[in-house]
Every structure is written in structure tokens, then in C-alpha cells.
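Trainee: Could you take a close look at one helix for me, and walk me through what packs around it?

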Amino acid sequence: MNKQALIVGGGIGGLAAALTCSRAGWSARLYEKAQQFSEVGAGIQLGPNATRILAHWGLESALASVAAFPGRLIVRAAQDGSQLGTLRLGSAFTERYGAPYAAVHRADLQDLLLDAVRNAGVDVQLSAAVGTVLSFPHAARLRIDGREIEGDALVGADGLWSAVRSQVFSDGPPVFAGHLAYRSLAIQRDLPEPLRSRDVTVWLGPRMHLVSYPVKRGEQLNVVVLVQGAARAAAAQEWDQAAAAAELQIAMGPLCAPLQDLVQAMPGWRLWALHDRPPMRGADEMARGRVALLGDAAHPMLPYFAQGAGMALEDAEELGRTLSMGEGDDDAPLALRRYAQSRWQRCARVQALSRRNGHIFHATGPLRWGRDLSLRLLGERLLDQPWLYVASGKR
Ligand SMILES: Cc1cc2nc3c(=O)[nH]c(=O)nc-3n(C[C@H](O)[C@H](O)[C@H](O)COP(=O)(O)OP(=O)(O)OC[C@H]3O[C@@H](n4cnc5c(N)ncnc54)[C@H](O)[C@@H]3O)c2cc1C
């Protein structure tokens with residue numbers, strides 16, 4: 001009989017893990033607390049480290065049918081609009097890294113993973129909120145709605161506020177980062193022509209930045225504004241709230257005219273309060289006995305490196321690889337340990353760089369001056385990340 005993986009959470013990480021467990025010859029059962037897979041969320045950028053994995057899972061054409069493939073990354077100053085640096089994406093990136101730089105709507109990525117998971121015969125259960133993790137770390141046993149379920153391995157892919165993490169790793173909740181994300185999505189043809197875009201554009205200002213990029217084959221434009229502030233929002237654990245455009249205007253401060261036009265043209269902003277954890281310090285923070293964490297449950301990060309979902313996909317790929325290497329009856333703890341050992345350092349590095357980017361993107365005074373000068377002088381060399389895009393598993 002196949003070994004059983006119990007996966008808690010049906011976000012990008014949990015779906016990807018269900019797929020790779022199944023590809024590794026395990027039987028996977030996935031428990032998602034929501035009644036249906038939600039449309040909430042907005043855009044997600046995927047570097048070649050992530051798109052390479054999707055291609056390896058046979059999802060290249062499914063991705064191509066929903067994604068946009070931006071031509072350039074352009075960095076501009078938010079206050080005067082000047083161009084600070086550019087990085088060629090598009091075919092230049094595909095040639096350099098053997099996989100494209102893509103931008104997708106989160107629901108589209110979730111849908112294509114869900115199709116693959118269902119085709120692989122994974123048992124997907126909705127409205128299944130995992131309450132208690134029993135007898136860890138020696139057993140992989142859960143209680144859901146009064147039922148007890150046992151498997152050979154338990155994967156906590158239940159996101160930022162992970163119940164699996166709080167019970168098995170008992171290291172307290174994530175912390176408010178002092179930053180808020182406002183997100184909006186527009187149909188490109190509804191926007192005035194000068195505001196439509198096929199590129200990723202990052203506008204840097206004091207204590208704020210804005211990122212825009214196309215999704216849905218380029219038909220929609222995703223805009224996210226990151227600002228510092230508001231303890232009021234920090235208190236709210238529910239991280240998706242209706243937010244007034246007026247509040248956003250105040251938080252952004254003075255902007256150049258094209259950026260002001262873009263912010264005013266975008267419909268319906270939604271607000272997220274950003275939380276993270278300090279970078280991981282060891283493999284023990286990712287796996288214990290028969291229980292492993294994956295994605296945001298393991299290493300929540302600020303979105304300033306655009307790699308949270310990418311790291312979740314990489315985790316899943318590595319989990320599948322280590323599970324497929326198992327030979328004995330009781331090798332799940334060893335496989336999970338190997339998974340954690342090969343993943344934690346790379347994820348910790350991305351967590352740390354995501355925090356660092358927050359300081360650099362929002363810089364004021366001499367740091368801002370130095371940043372702008374470096375971008376003008378070094379441009380592409382500073383913006384490209386070969387160490388990140390070349391590797392996708394171990395490091
Ligand atoms: C503003 C912003 C911009 C971002 N931009 C990017 C980007 O450009 N590129 C990128 O790679 N990443 C980006 N990210 C990060 C990315 O969205 C996350 O890292 C990624 O979605 C994490 O996926 P996950 O599956 O680990 O967690 P989640 O997506 O949070 O999924 C967890 C799932 O578990 C379920 N769940 C929770 N508790 C239970 C329970 N007790 N029982 C059962 N189910 C449960 C939840 O309902 C949910 O479906 C961004 C994030 C933000 C906030």
C-alpha cells in the first residue's frame with residue numbers, strides 16, 4: 001500500500017506539495033478549511049526558479065495560457081518619475097535561465113495546480129479545518145471535525161497563521177512588519193493608453209514603493225502599493241480589508257504626475273497588513289519527526305523579493321524529491337529531515353533579503369541617494385539575481 005501524506009492547507013504551497021507527493025508515489029490527502037478555492041488575492045510574479053519547476057511538472061502550457069510574460073523590469077523614482085535602472089526580462093531571461101519570468105493572477109496559478117492535483121488522483125477535502133495535531137512528532141495524526149486521521153507524514157502548508165506550526169513548533173505568532181500593502185487590479189483596456197503596461201515597473205519613494213505588472217495574458221494590470229504605518233491595521237489578523245483610496249493617497253505622500261494618474265485610475269483597493277518571522281536558523285524549524293512545514297507556514301516573508309510563492313513551489317519540488325528517495329517502511333522522518341536540511345538556508349536567505357529590500361526600497365536621506373546612484377551606474381547587474389534564478393532546489 002502507498003504511504004500516506006496528509007497535507008494541511010490548499011494554497012499554492014499545499015496544492016504543489018500534494019502534486020509532488022503524488023508524483024513521488026505517495027497517496028496524498030489535502031485538507032483545506034475554506035468551502036471553496038478562493039479568488040481572493042491578486043498578482044504573483046514568478047522568477048525562472050519557479051517557472052522551471054512548473055514546466056518540470058508538465059504545467060508549462062497551462063501557465064502560458066493564463067500568465068503574462070513582462071518584457072522589462074523598470075525602476076523609477078516615485079517623486080520625479082526619473083528612470084533609475086532596467087532589467088531585460090522576456091526572451092533575454094528565457095535564454096539566460098532556460099525558463100521565463102512570468103506574472104500570474106493568484107487564482108489562475110491555484111486553478112492550474114488544482115487541475116493537476118485532481119488529475120493525479122489526490123483526495124481534496126474542502127471545509128476541512130484542521131483543529132488538532134495529535135501525537136507529534138512521532139505520528140502524523142490529525143483531528144478534523146471530530147474525526148481522527150493518520151498518515152505517514154504530515155505537511156503543514158497552512159500559511160502565515162499556521163495551526164500546525166503553532167502546535168508542533170510552539171514558537172509564537174508572526175510579527176507585524178510595520179508595512180501595509182494596498183492592492184488593485186484593472187482591466188488594461190479600461191485604463192487610459194499611457195497607463196497600460198507590459199512591463200514590471202517599480203516606483204521607489206520615501207517610506208513607500210509601488211509595483212505594477214500585467215497578469216491574465218496581459219489583459220489586466222496588477223498594482224500593489226507598499227507603505228509604512230498604521231498599528232490599527234496590524235491589530236487585524238484578517239489581512240484583507242476594504243480600504244479607502246483617500247487613505248492610500250495620504251500614506252503615499254507627493255508623487256509625480258504619471259504615478260498619481262495611475263493610482264487614481266485604479267479601481268477598488270484592498271488592504272493587507274504584512275507580517276513575517278525572522279529568517280529561519282536551522283532545519284529544526286522546518287521539520288520534526290513526521291511533521292514538516294512548507295511555504296508561508298515555514299518561512300513567511302515580506303513580498304519585497306517577490307518570492308514567497310516561488311519558495312513554496314521550490315519546497316514542494318524538494319519534498320517530492322526526498323519522499324521519492326525513501327526505501328524502508330519507516331523512512332518518512334528521515335525524508336522530511338533531508339527536505340528541511342536542503343531547504344532552510346536558501347529560504348532563510350530569501351527571508352533576510354526580503355526584509356533588507358524593504359529598507360532599501362523605502363530609503364530616505366543618504367541611503368536613498370546611494371541607492372539611486374548605484375541603480376543608475378549598475379542597473380542590470382544590480383537588479384538581476386543569478387544565484388536565485390539558476391538554482392531551485394538545494395542551496
Ligand atoms: C502583497 C503581497 C504580494 C506578493 N507578491 C508575491 C510575488 O510577486 N511572488 C511570490 O512568489 N509571492 C508573492 N507573495 C507571497 C505569496 O502570496 C505567498 O508566499 C504564498 O501565497 C504562500 O502560499 P502558501 O500556500 O504557503 O500559503 P497560503 O496561500 O496562505 O495558503 C494557506 C492555505 O491553508 C488554509 N488553511 C489555513 N489554516 C488551515 C487549517 N487549520 N486547516 C485547513 N486549511 C487551513 C488556508 O485557507 C489557505 O488556503 C505576495 C504576498 C503578498 C501579501
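Mentor: Let's start with α2 and α10: these two are oblique to each other, the word for angles that are not under 35 degrees (roughly parallel), over 145 (roughly antiparallel) or 65 to 115 (roughly perpendicular). Helix α2 covers residues 48–56 and helix α10 residues 308–324, and they pack at about 40 degrees with axes 9 Å apart. Axes here are lines fitted to C-alpha atoms, for helices over the stretch in contact, and angles run from 0 to 180 degrees between N-to-C directions. Helices (H or I, at least four residues) and strands (E, at least two) are DSSP runs, numbered from the N terminus. This is a predicted model, where local features need pLDDT of at least 70, side-chain atom pairs count only at pLDDT 80 or more, and totals for chains, interfaces and linings use all residues. Residues are numbered from 1 along each chain as its sequence is written.

On the α2 side, N49, A50 and I53 meet A309, G310, L313, E314 and E317 of α10, where contact means C-beta atoms, placed from the backbone, within 7 Å.

Now turn to α11, residues 332–361: α10 packs against α11 at about 160 degrees, again with axes 9 Å apart. That makes the pair roughly antiparallel. From α10 come M311, D315, E318, L319, T322 and L323, and they touch A335, R338, Y339, S342, R343, C347 and V350 of α11.

Finally, the ligand: α10 gives the most to the shell around it, with 4 residues. Among the 34 residues around the ligand, G9, G11, G159, G295 and G308 come nearest, with near meaning a C-beta atom, placed from the backbone, within 6 Å.

Terms used. Two residues are in contact if their C-beta atoms, placed from the backbone, lie within 7 Å.
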